[in-house]
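Reader: I'd like a close look at one part of this model, please: the surroundings of the ligand, then a helix to go with it. Keep it chatty, but tell me what your words mean.

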Amino acid sequence: MSSPTPRNVIPSAADTATLLELADASMLRHAGPIDPLLVERASGTSIWDRDGKEYLDFTSGQLCATFGHNPDALRTAILDSFSRTVHSNSYLLSEEVIRLAERLLALLPAELSKVLLLSTGSEATEVGLKAAKMATGRWESVGVSRSYHGHTGGAAAVTFLPRRIGTGPAQPGVHALPAPYCFRCPLNTSYPECGFACADVGMGLVDTQRTGDVAACIIEPVLSTGGMIEPPAGYLPHLKIRCEERGIKLVLDEAQTGLGRTGDMFAFETAGVVPDVVALSKTMGGGFPLAALAVTDEIAERAEENGLRFLTSHMNEPSMAMIGLTMLDLAEHHVAEQSAARHGEKIKGALEEMALEHQLIGDIRGRGLLLGIEWVVDADTNDPNPDAAVAIAAECRNRGLLVQVVSANIWRIAPPLTVSDDEIDRAMTIIHASIVAYLETTL
Ligand SMILES: Cc1ncc(COP(=O)(O)O)c(C=O)c1O
C-alpha cells in the first residue's frame, strides 16, 4: 500500500517568503490575490507585520476595529465571558443577551421595539429582508446601485457591484435604484434642483418591473464599499416617503456607520429618518462576530405571526453579547466626546489643503470617520483616475499607512475612533509624500 503524500508542514521559525509560498499552495483565492502583508500583531491604530514594520491602519481592519485593535476593555470582556461560557446554544438565552437587546432598544427610537442578535452583516441583511417579507406577505426587494450588503444569497442579490458577475442570476424580484451619487449624477442633474430624481426615477422603474409586490428597500446611510457615497441631505426621508407610498419597509444597513463612526450613535439620526428595520454588524463587534437587527413592533408582530424562522449556530452567544455591551459603553463615550466628528474634520481639513495643491484629488466626502477621496485625472475633466488611486495607496503602504481602494478610483479613509492627533498628522504626511512620489513617476 502506498503511503499518503505528506502535507507541507510549516517550519517552526518560517520566514515570510516560506509562509507566503505555503499560502500560495494551500489557500483558495476568494477575493483576489494573496496579500503579502502577514500580520504579527495589532494594537490601537497600528498593525505590525512579521518583520516588525508598523502600519497605521486607516481601514480599522475590516471596518470592525471601531475603537482600535485589541482594546483592553474588549480583552477583559471576552476573557471574563469565556471563563464562564465559550458557547451556549442558539435556542438558549442568557443575561448578557437579554441586556444587550434591552440596551440597544434604549438607544434606538421607540418605533424600533424588537431585537435579534446575529453574527455577521450578511446575516443581518438576510434576516432584515426576510422579516420585511414575512411581515408584508410580499417577496420582492429594492436595493441601490453601488451598494454592498454582504455575500450570502439574499444579501448578494441586493448588492449592486460588479462582483455579481459570474454566478448566474441573483434572486428574482430584486430591483435597483440609481445611486444618489451627486459627484457623478447618474441622471446628469444637480442637487438640490434635482428634487431627488434618482429616487423617483428609480421607484418609477420598480413600479413598472415588479411582478409580485415589493416588501423592502435596503440602503446604507453612506454607500461605503461602492464608492463612499453619502446621500445628500433630505434623500433618505424622501426615499422613506416613496417607500411608504408603496407599503415598502425601509431597511437601513448600518454595518459600517453604526456605533458612532459617523458622529452620532447611528447614521440615520443625522439623516432625519426612522427606518422600519436597522441592521448593525461590523462596527458593533469590534472584530468579533456580532450583529443585530432591530425592527418595528408591527414587523415583529406580523413576522412572528406568519412564522418567521431563522437560526444559526452562533446567534445569541453570551460572549458576543458581552462584547456588544462593552462596545456600546465605548461608543457612548466616543459619541459624547465627538471623537469621529473631531478627527474627521481634522483629516478633511488636511486633505482639502492637499487638494488645493494637487488636482488629482477630485472630491473629499463622507461623514465623521467614514471618509472618501475620489481620485481624478484633473479638475477640468474630473475623469476617474484609478491608476493614481491604486499607485498612491501602494506608496502609502510602503511608507507605513493602510488605506483602502474601495472602488476603482475611490479610497476609504476610516481610522479607529481612538486615533490620536499625532497619528493623523503622520498619516497625512504620508499621503502627501505619496502623492508627490506618484507625480514624480508620471513626469
Ligand atoms: C454595509 C455592509 N453590509 C453588510 C456587510 C456584510 O457584513 P459581513 O461581512 O459581516 O457579512 C458589509 C461588509 O462589508 C457591509 O459593509
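Author: Let's call Ala, Val, Leu, Ile, Met, Phe, Trp, Tyr, Cys and Pro nonpolar, Asp, Glu, Lys and Arg charged, and the others, Gly among them, polar. By that count the shell around the ligand holds 10 polar, three charged and two nonpolar residues. Bear in mind that this is a predicted model: local features need pLDDT of at least 70, side-chain atom pairs count only at pLDDT 80 or more, and totals for chains, interfaces and linings use all residues. Residues are numbered from 1 along each chain as its sequence is written.

The ligand has 15 residues around it, with T120, G121, S122, G150 and A255 the closest; belonging to the shell takes a C-beta atom, placed from the backbone, within 6 Å. Helix α5 (residues 121-136) gives the largest share, three residues. Helices are DSSP runs of H or I, at least four residues, numbered from the N terminus.

Now for helix α3, residues 72-84. An α-helix has 3.6 residues a turn, so residues three or four places apart point the same way.

How values were computed:
Helices (H or I, at least four residues) and strands (E, at least two) are DSSP runs, numbered from the N terminus. The expected span of a helix is 1.5 Å times one less than its number of residues.
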